[in-house]
Amino acid sequence: MKTRFNTYDIICGVAELQKLVGWRVNQIYDVDNKTYLFRMQGTGAVEKVTLLIESGTRFHTTRFEWPKNVAPSGFSMKLRKHLKNKRLEKIQQLGADRIVDFQFGTGDAAYHVILELYDRGNLVLTDSELTTLYILRPHTEGENLRFAMREKYPVERAKQSSEGLKAEALEQLLENAKNGDNLRQILMPNLDCGPSVIEHVLLQQGLDNRIIEKAKNAEDAQESEEKPEKGGKKQKKGRNQQAKVEQKPFDMVNDLPLLKKAVKSAEDLLTEGTSGQTKGYIVQVKEEKPAENGKVEFFFRNIEFHPYQFVQFKEFECATFESFMEAVDEFYSTQESQKIDMKTLQQEREALKKLSNVKNDHAKRLEELTKVQDVDRKKAELITSNQSLVDNAIRAVQSAIASQLSWPDIHELVKEAQANGDSVASSIKQLKLETNHISLILSDPYGDNEDDELETPEATVVDVDLALSAWANARRYYDLKRSAAQKEKKTVDASQKALKSAERKTQQTLKEVRTISNIVKARKVFWFEKFYWFISSENYLVIGGRDAQQNELIVKRYMRPKDIYVHAEIQGASSVIIRNPTGEEIPPKTLLEAGSMAISYSVAWDAKVVTNSYWVTSEQVSKTAPTGEYLATGSFMIRGKKNFLPSCHLIMGLSLLFKLEDSFIARHLGERKVRSIDDEPSEPDFKETEVANDLLSEHSDDSDATPVENVSEPSSNTDITAFPNTEVKIEHDTGRITVKSNSVNEDQNENVDNGNVLEKLLKNKPAEEETTIITSVPSRKKQVSAKKSKEEKARAAKQEAKAAEVAAIESEPKNPSQIKRGQKGKLKKIKQKYKDQDDEEREIRMMILKSSGKEKAQPSTEKVVEKSVIQKEEPKQHKNAPPKNPIELEDADDAPAGGDVDILNSLTGQPAEGDELLFAIPVVAPYQALQNYKFKVKLTPGTGKRGKAAKLALNIFAKEKGCNTREKDLLKSIKEESLARNIPGKVKLSAPQLQKYHK
């Protein structure tokens, strides 16, 4: 099977891609570490083409949507940095080698992407002077030639194209050729057109099997005779293959003109290839599918692609395309589906082979039983025909035994009788006295054979029981024949049932294999399946990152201005995004479900710890770090108020979503709808507010904010302003949580005028603008040298010592009599050292050291002033205004915001009777989001393995009473690893009547 471009493919491909010259690079993606996609844009806004380049294998335009890596690789980022928005100026082949040079930009701003399509391949990015900026596979060839960064790429190393083989050069090649060389091997290094073209032109002229033969000397002849003896089996095998090809010697007189024509045809093909007008051809092999109902089906397997219809493939099926690039794109794009088809074909063949083996086994058993019957009947008839002889032999042996002769003596007695020509003794072949049997040689005395010589082959050895007479022995053989006949009848009856069962199982297997194959082909992997994900009970898509890279990705690429960011202040918690395509307020139930997801995918699951999560708007999430800090991958800054959610139990669920055919989507609209406000009880006159309406409400900057948020109570405690006194009432029987402000705050809130409200809002503003760093791993400082880090450590140690001394000063009691013994002198020294330091300077130093020391009681107004000095004053943004430090959004063509609703509506967890289901998708979600799903099991923290739990869940789903045939087929197509990959960790699985599934 052809796997990479040859020389003629490169010539035709470069010529065909000249139409892309002048197009700009819009974006670059990487499919894997060797394959890269260049999205090119033409002069018109609609003109877009994707160019695919794979190191060592291929380059072509593609119309298929290839899966991209979650995060771009280093090489991809380097290509984006230098080539984005550059114009493709030139595509050329370097000499006659399998190297292609893509030039982007002109002059000093030019960059080259050099693609090597030989050996293990390579991809090199160079500047205008061909100095390597990035290389996919650094290596060294020889002692002096290095392929590495900052090395100049050796363009002159490429094989240079020849002008063509002239008649004199061709004759010289043939004269210099070794004895036994094939004509194809001689032309390969001297014609720059690839093996396929050479084979084609030689076949056209009838020179495909020509070899060079020269006159041999006596010494050469002797050596050639000795070689086969040394070579052994390999030499014999080579000779056999050559004999099959029927190789002929090359005749310089008759074959040389034909060879010149062949070389001319090859040069013409090269000229045709450079025109860029070549068509594409895919060579296919016809594979016969297993017959079903007497019909024969065929499957065409792609084996090679070519820009020309070569003679050597005239006996094969061939698919024709308008251009060579289309053929290559089709060939590589259908490889996966071809693998699925071949796997299906292999499984079908194995199923039919099993059926064939069962049939052969039953036929063999019946044949053996029939043969046993024939032998037993024949033996019984021979005993009956030779009744007197058998009786005499039995009596003779019995009389010898009765005479108390030993067994060896009886053997000697029989041999003597046979030597004397006794007819009875001559019929005895063997004495089996240990089993009380003798073997007699019997023949049919009434046969038609008159010649004595012909009677010998018809003689049969028959075992006779010495305890029975001749008639009894004959009856015994008839009984064996009758028993074998009954066994044959039973075998025939059983075999019919067994064959029917085997055929039924085979047909079922074939049907399942084909169904699963069709499901796998129809299965579309959605963009969000690479993350943790689920659909909330109100039809919002919720996604979360599996690791730091995915956390970074979903915030940068997939979070939109109206989306909600959910997180938990616990190690390993996932960054969760609620996609909000409508821009309306997210319902409380969806927020709770997203918070439950964020906590479950953290260390809280294994530790079985219940904690709180919170949500913020997308404008509050930033990638801008504080001065001197560095935010690692997956870490973010949260600015402003966090809206904490109530604690929730660690209960997740495993379920299935089914993809509906488009015509059945309308039947399931509204399954996951938002619960209206009218459905919930409202108490406008009461000051208490429920969690669903207070704790989960989005922070508002209007003047009608709740008293809890706006009122600051003067107190000696510094945290009173940020967290005012409230009364929390928890009803343990219903789980309802209510929050009520104290009466002092209520009275103050009722009596303030508009000016006071504005003043209080401004005072509270610094408290609301607090910043928090969300880290996937502990954040680290900027990179510093070892010397500087030691100095910083020493400086930090001194500051800690100072802080400890200051803390000791602050902790000095007012009453001197309470000072402990030995501390008076020490405190005196500390006071002398820090006598010039005021409270504000001390507060700043404590904040730098991340220490608060002893907090002094002071009025709340002073505290607000201090916080305004310490914290960053950030202007409050309008709701619709862009964030101050927005996160740069990457190209997200695979996740269109408007397409989310259509995708979600086509997925249902409640398939109805008569629905056309295309495939099933496993989903792990908070259990409250799966209440109405048809298939579901509960997952809680436990000790069970994820794979075992997934296997058990599939077994439970398949054995449910309401599971129809189509749903069972879809369940069989689900892989256990895809079912288990989203389960949080060690689990305990719960379901009704679970014990019966463990048996």
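**Entry 1: a helix over strands**

I started with helix H16 (residues 548-558), which lies across strand E21, strand E22 (564-568) and strand E23 (576-578). H16 runs at about 140° to E21. Here the axes are lines fitted to C-alpha atoms, for helices over the stretch in contact, and angles run from 0 to 180 degrees between N-to-C directions. Contact means heavy atoms within 4.5 Å. Helices (H or I, at least four residues) and strands (E, at least two) are DSSP runs, numbered from the N terminus.

A note to myself: this is a predicted model, where local features need pLDDT of at least 70, side-chain atom pairs count only at pLDDT 80 or more, and totals for chains, interfaces and linings use all residues. Residues are numbered from 1 along each chain as its sequence is written, and side-chain values use heavy atoms, leaving out hydrogens and water.

**Entry 2: the sheet**

Next I looked up the strand order: E20-E21-E23-E22-E24-E28, an open sheet of six strands with antiparallel pairing. Strand E20 (532-535) and strand E28 (643-644) are at the edges with a single partner strand each, so one side of each has no neighbour in the sheet. Two strands pair if DSSP finds at least two bridges between them. E20 and E21 (residues 541-544) pair over four bridges, and Ile535 stands opposite Leu541 in E21.

**Entry 3: the cores**

Which residues have the most contacts inside the largest nonpolar core? I found Phe528, Trp533, Ile543, Tyr565, Ile578 and Leu989, in a core of 85 residues. Such a core is a set of buried Ala, Val, Leu, Ile, Met, Phe, Trp, Tyr and Cys residues joined through side-chain atoms within 4.5 Å. Buried means under 20% relative accessible area, exposed over 50%, partly exposed in between (1.4 Å probe, protein chains only). Another core lies apart from it, with 67 residues, including Ile198 and Met325.

I also checked helix H9 (residues 324-333), where nine of the 10 residues are buried. Met325 and Phe331 are among them.

**Entry 4: Ser602**

I then turned to Ser602, in the loop between helix H17 (588-600) and helix H18 (603-607). Is Ser602 buried or exposed? Ser602 counts as buried because its relative accessibility is 10%. A polar atom of its side chain lies 2.4 Å from the backbone oxygen of Ile599. Leaving aside neighbours within four places in sequence, Ser602 contacts Ile570, Gln571, Gly572 and Ala573.

**Entry 5: cysteines**

Last, I searched the whole structure for disulfides (cysteine sulfur atoms within 2.5 Å) and found zero. Cys193 is buried at 1% relative accessibility, and Cys963 is buried at 7%.

Conventions. A polar contact is a pair of N or O atoms within 3.5 Å; within protein, one must be able to donate a hydrogen and the other to accept it, and residues adjacent in sequence count only if both atoms are side-chain atoms.
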